[in-house]
Amino acid sequence: MRMSGKLYKGPALLDEKIVEVNDDDGTYQDRLEKCLVTLCGMLSIEVPIWLSKNTREYVRFRRTSFNADQFFNPVYFDRFEIRLMED
């Protein structure tokens, strides 16, 4: 599973990282969680609150975004987007 994580401030892309986990590392949900946590670590941000809207977006589009209000502490960006990358 390969996933990209992008940080945006308005229309500007601030940072982007890509992570890959082995497809043998547990269930799909385990791999998704590992990708999300790893991306947040690479981007030096806290892990956001995953809402039901994130589940709907991810299931439908294989991507979802997190707004600044989905983080416990203030952040320097407007939006954090994750996207599953097709091989």
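The legends below describe close-up views of a predicted model. Local features require pLDDT of at least 70 and side-chain atom pairs pLDDT 80 or more, while totals for chains, interfaces and linings use all residues. Residues are numbered from 1 along each chain as its sequence is written, and side-chain values use heavy atoms, with hydrogens and water left out.

**View 1. The largest nonpolar core contains 19 residues.** A nonpolar core is a set of buried Ala, Val, Leu, Ile, Met, Phe, Trp, Tyr and Cys residues joined through side-chain atoms within 4.5 Å; buried means under 20% relative accessible area, exposed over 50%, and partly exposed in between (1.4 Å probe, protein chains only). Met-3, Ile-45, Phe-80 and Ile-82 touch the most other members. Strand β1 (2–9), helix α1 and strand β4 each supply at least two residues of this core, and α1 gives the most, with five. Helices (H or I, at least four residues) and strands (E, at least two) are DSSP runs, numbered from the N terminus.

**View 2. A salt bridge joins Arg-2 and Glu-20.** A salt bridge is a side-chain nitrogen of Lys or Arg within 4 Å of a carboxyl oxygen of Asp or Glu. For this pair, the N to O distance is 3.9 Å. Arg-2 lies in strand β1 and Glu-20 in strand β2 (residues 12–20), 18 residues apart. Arg-2 is partly exposed, because its relative accessible area is 26%, whereas Glu-20, at 57%, is exposed.

**View 3. A salt bridge connects Arg-63 and Glu-81.** The side chains meet at 3.6 Å, N to O. This pair links strand β3, which holds Arg-63, to strand β4, which holds Glu-81. With 10% relative accessibility, Glu-81 counts as buried, while Arg-63, at 35%, is partly exposed. Salt bridges that share partners join Arg-63, Arg-79 and Glu-81 into one network.

**View 4. Arg-31 forms a salt bridge with Asp-23.** The closest N and O atoms are 3.8 Å apart. Arg-31 counts as buried because its relative accessibility is 13%; Asp-23, at 47%, counts as partly exposed.

**View 5. Ile-49, Leu-51 and Phe-72 form a nonpolar patch on the surface.** Together these residues have about 300 Å² of accessible area, computed by the Shrake-Rupley method with a 1.4 Å probe, where only the protein chains shown count as cover for residues. Patches are made of residues with over 30% relative accessible area and no salt bridge; like charges are joined within 9 Å, and nonpolar side chains (Val, Leu, Ile, Met, Phe, Trp, Tyr) within 5 Å. Phe-72 lies in the loop between β3 (63–67) and β4 (79–85).
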